[in-house]
Amino acid sequence: MKKKLILAAAGMFSIFALAACTGGSQDIATMKGGTITVDDFYNQTKSSQQSQQTIQQMIIFKVFDQKYGKDVSDKEVQAKFDETKKNIEAQGGNFADQLKQAGLTEKSYKEQIKQSLAYTAGIKAHIKITDADLKAAWETFHPEVEAEIIQVATEDEAKEIKKQLDDGGDFAKIAKEKSTDEATKKDGGKVKFDSQTETISEPVKTAAFKLKDGEVSEPIQATDATGYQSTFTIVKMIKNKEKGNDMTPYKKELKEIAETAKQNDQEFTQKVTSEVLTEANVKIKDDAFKDVLAGLVETKDSAKSSDSSKKEEKESSSKEKESKSSDSEKSKDSSSKTEESSK
């Protein structure tokens, strides 16, 4: 469903591309006494929130593609294309049909993938990892472990399985028979994961990392992304590993974690986006989209306002210092006069 929505949203790009290429002259529909043209459709929809967001995204992706597109290889684009296709078909969808419904071809969709990857490349180009970033990543880091898992839909079933295991049941055999986790059940529930693995839920990882080798957990409840569906997982730890106190052996992993954190930091990505857009000197020619980059691009007026604010702040600070200095001098004079009077 998620991939389908992505393709459907991507179809908005083709609408604006069509309007630009035809200049509004192409008829969408004809009827007795009139026609509906691309221009009619464009004027009707351009002020909608979705259109505003689409144009903003188109501008951002276009600017980043022009500057960072060279850093994206055809191999990366093809890999992302194949991944999307595989995911859609794994969910029972028809990839070709969804492309068509979104108004896309394989070529145009790959162009959009390239722009998206160029945006990511642009964000990465601005990331500078500090020791503080590495230390922050270290706080929640746990090295890769080897384990076996059994996942079921209800707590009662999980408790029954746990009882069977406590009575000597074969973990791998039960996993093959009863686990609902399709990715691991065929291999007896065998899995490897670390603190950054996204296919294992956070509650399961947290509980698993506390287990000793050979130890089996109690049923662990986790909720899926919707917040409504729960699963219950039993973990058998095969090989756990303490991270110790030295970050050095894990510096590569920690750097990747820190980079991912930066990429997910909305404040950081917006700052980078703003810098790149401002440098590109984007000009909005259609008044319907005049505010589409508000808050993202620093205009001359906002720059002047910022400079003026800084100047006023500096002048205020200077006056405050002068005032304190004057009060100090007055205090000294008063003190001096008091001493003379006392004499």
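Residues are classed here as buried under 20% relative accessible area, as exposed over 50% and as partly exposed in between, with a 1.4 Å probe and protein chains only. By this classification, Asp-167 is exposed, with a relative accessible area of 61%. The structure is a predicted model, in which local features need pLDDT of at least 70 and side-chain atom pairs count only at pLDDT 80 or more, while totals for chains, interfaces and linings use all residues. Residues are numbered from 1 along each chain as its sequence is written, and side-chain values use heavy atoms, with hydrogens and water left out.

Salt bridges were assigned where a side-chain nitrogen of Lys or Arg lies within 4 Å of a carboxyl oxygen of Asp or Glu. Side chains of opposite charge can pair when their charged atoms come close. The count by this rule is 10 salt bridges. Asp-167 takes part in one of them, with Lys-163 as its partner and 3.4 Å between the closest N and O atoms.

Secondary-structure elements are DSSP runs numbered from the N terminus, with helices (H or I) of at least four residues and strands (E) of at least two. Within helix 8 (residues 155-166), Glu-155 and Lys-159 are 4 residues apart, about one turn of the helix. Their side chains form a salt bridge with an N to O distance of 3.7 Å. Glu-155 counts as partly exposed because its relative accessibility is 39%, and Lys-159 is likewise partly exposed, at 48%.

Aromatic rings of Phe, Tyr and Trp (its six-membered ring) were paired if their centres lie within 6.5 Å, with planes under 30 degrees apart counted as stacked, over 60 as edge-to-face and the rest as tilted. The whole structure contains 10 aromatic pairs by this search. One aromatic cluster consists of Phe-61, Phe-64, Tyr-68 and Tyr-119.

Charges were also located over rings, the criterion being NZ of Lys or CZ of Arg within 6 Å of the ring centre and within 35 degrees of the ring normal. The charged end of Lys-243 is placed over the ring of Trp-138, at 4.5 Å from the ring centre. For Lys-262, the charged end sits over the ring of Phe-268, with a distance of 5.4 Å to its centre. The C-alpha atom of Lys-262 is also separated by 9.7 Å from that of His-126, a residue 136 positions away along the chain. His-126 is located in the loop between helix 6 (106-125) and helix 7 (131-140). With a relative accessible area of 26%, His-126 is partly exposed.

Two further pairs link positions separated in sequence. Asp-71, in the loop between helix 3 (49-68) and helix 4 (74-90), is partly exposed at 45% relative accessibility. Its C-alpha atom is 8.9 Å from that of Gly-122, 51 residues apart along the chain. Gln-56 belongs to helix 3 and is partly exposed, with a relative accessible area of 27%. Between the C-alpha atoms of Gln-56 and Ala-294 the separation is 9.9 Å, across 238 residues of the chain.

Polar contacts are pairs of N or O atoms within 3.5 Å; within protein, one must be able to donate a hydrogen and the other to accept it, and residues adjacent in sequence count only if both atoms are side-chain atoms. Asn-240 lies in the loop between strand 6 (230-239) and helix 11 (251-263) and counts as buried, at 16% relative accessibility. Its side chain makes a polar contact with the side chain of His-142 at 3.4 Å. The side chain of Asn-240 also reaches the backbone oxygen of Leu-211, at 2.8 Å. Another loop asparagine, Asn-281, is found between helix 12 (266-280) and helix 13 (300-342). Phi of Asn-281 is near 55°, a positive value in a residue other than glycine.
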